Amino acid sequence: MREDARDAALRVNEERLWQRHAEMAQIGAIPGNGVNRAALSKEDIAARKLLLSWAAQRKFTVSTDAIGNLFVRRAGADANAAPIMTGSHMDTQPRGGRFDGIYGVLAGFEALEAMDEAGVTTRRPVEVVAWTNEEGGRFAPCTMGSMVFTGARALADVLDVTDNEGVRLRDALAETLAATPHAAQREFKSPAAGYIEAHIEQGPLLENARKTIGVVSGIQGLRWFNIEVFGKTDHAGTTPLALRKDAVRDAIAIINAIAELAHDPADVTRFTVGRMLVTPNSPNSVASHVLFSVDLRHPDPKIVARLGAAVEPLARAAAKFCEVKVTPTLHDDPCVFDADVTAAVEAAARELDLPHMRLSSGASHDAMYMARVCPTGMIFVPCEKGISHNEAENASPADLAAGARVLTAALIELANR
Ligand code: GLV
Ligand code: MN
Ligand code: MN
């Protein structure tokens, strides 16, 4: 390992990194030690301002693009060289934890500070990015900021997405951008020379294997749909069943049909209906409308394709009484990370004497979209019992610091290529 990379890695400050997690966790804190910081909410704005205040203390430069991705840059010797990037997201699930996403942003920021304190000069700039709306819990789909930044989807395509209260993304975004008026404007698709994202594992493999560092090989594929069922509202006590167009009954039939499709004795296929909006949502009115989400995942692209293609015909066949509309909202094929970046992460873990193993990611990450435009990899650290998207999400200060050390060394290595 380069001397300067080792030096900077060892300056990662475990206590400072932990304190920053604690400070961020106060923004949107919910009972049970959790965090609810929805994308483009006032809590998201507060988190952005806190990150910017830390960046200002270090004189790092900041920029933002038209979807609100926030970039913090530590200059390199060659100002014209494309940056090496790191980061993750600051939004959370509605009942989220203190580490999903924010760890990648804070580990990246800690890496920049450690480089500063070690007096390291890299050839390329190194940047931390906080991607907008990774979770998709408020505005679907997930990984929206990286998707739009990398050109996989046009900004105009997502501006009219609404949350459960009917707020349009364009309005929440305008408010968020207005709150950070001093950030320079950044273009979509601005070049990146590489990207490494640090994240808690969100699964139990590292903990069970007693490894501190996960060298991530790739991410499984994912399909999202919104399914809408259009029925007719009627009186629950007086309307014979034969005359009803009951949207909830058809929604249940569709969900059962997709569950059958996704049935997998090996328990590799993932199927979730996590969001359901019922109208008028009253015990004694027949439902006139149901909107629910479908999330299907598998590591094999052929299976992702087969499952995805089956959803709409199955939904139509399963609905007995109502009209059905199926809208695909996300199609991510499985991704395999870059061999050189993965090797740089592995070498950093080895040379810092940290127990490590290769594993693939069941969760989605912005790294999936960055992998389409530049050499990309990820670093995982253990989280307690693999619990995530839950208030009880937990990780140890030492493991978080270890991940940040590996990140720091790997960033310096790549930023000098
Ligand atoms: C991101 O949180 C995902 O859904 O995997
Ligand atoms: Mn995440
Ligand atoms: Mn998440």
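In the predicted model, a backbone N or O atom of Ser 364 is placed 2.7 Å from an oxygen atom of ligand 1. The protein covers 94% of the 200 Å² of accessible area that ligand 1 has on its own. Two side chains also approach the ligand. A polar side-chain atom of Arg 297 lies 2.8 Å from an oxygen atom of ligand 1, and for His 389 the distance between a side-chain N or O atom and an oxygen atom of the ligand is 3.2 Å. Ser 364, Arg 297 and His 389 belong to the set of residues around ligand 1, which also includes Glu 134, Glu 135 and Ala 363. Sorted by class, this shell has three charged residues, two polar residues and one nonpolar residue. The space that ligand 1 takes up is the largest pocket.

Two residues with positive phi were examined next. Most residues other than glycine have a negative phi, and most peptide bonds are trans. Asn 133 has a phi near 50°, a positive value in a residue other than glycine. Asn 133 is located in the loop between S6 and H5. Because its relative accessibility is 1%, below the 20% cut-off, Asn 133 counts as buried. Asp 353 also has a positive phi, near 60°, and is likewise a residue other than glycine. Its place is the loop between helix H11 (339-351) and strand S16 (356-361). At 68% relative accessibility, which is over the 50% cut-off, Asp 353 counts as exposed.

The bond from Ala 140 to Pro 141 is cis, with omega near 5°. Pro 141 is in the loop between strand S6 (126-131) and helix H5 (144-149), the loop that also holds Asn 133. The bond from Thr 279 to Pro 280 is cis as well, with omega near 0°. Pro 280 lies in the loop between strand S12 (276-279) and strand S13 (289-298).

Ala 118 is part of helix H4 (residues 102-118). With a relative accessible area of 18%, Ala 118 is under the 20% cut-off and is therefore buried. Ala 118 and Ala 5 are 113 residues apart along the chain, and their C-alpha atoms are separated by 9.0 Å. Thr 176 is found in helix H7 (residues 169-178). Since its relative accessibility is 0%, Thr 176 counts as buried. Thr 176 is 130 residues from Ala 46 in sequence, with a C-alpha to C-alpha distance of 9.6 Å in space.

Note on methods. Residues are numbered from 1 along each chain as its sequence is written. Chains are lettered from A and ligands numbered from 1 in the order in which they are written. This is a predicted model: local features need pLDDT of at least 70, side-chain atom pairs count only at pLDDT 80 or more; totals for chains, interfaces and linings use all residues. Side-chain values use heavy atoms; hydrogens and water are left out. A residue is near a molecule or strand if one of its heavy atoms lies within 4 Å of it. A polar contact is a pair of N or O atoms within 3.5 Å; within protein, one must be able to donate a hydrogen and the other to accept it, and residues adjacent in sequence count only if both atoms are side-chain atoms. Accessible areas come from the Shrake-Rupley method with a 1.4 Å probe; for residues, only the protein chains shown count as cover. On a 1 Å grid over the protein atoms alone, a cavity is a set of points where a 1.4 Å probe fits but cannot get out, and a pocket is an open set with protein on both sides within 12 Å along at least five of seven lines; lining residues have an atom within 4 Å of a point. A molecule sits in a cavity or pocket if more than half of its atoms lie within 2 Å of its grid points. Ala, Val, Leu, Ile, Met, Phe, Trp, Tyr, Cys and Pro count as nonpolar, Asp, Glu, Lys and Arg as charged, and the others, Gly among them, as polar. Helices (H or I, at least four residues) and strands (E, at least two) are DSSP runs, numbered from the N terminus. Buried means under 20% relative accessible area, exposed over 50%, partly exposed in between (1.4 Å probe, protein chains only).
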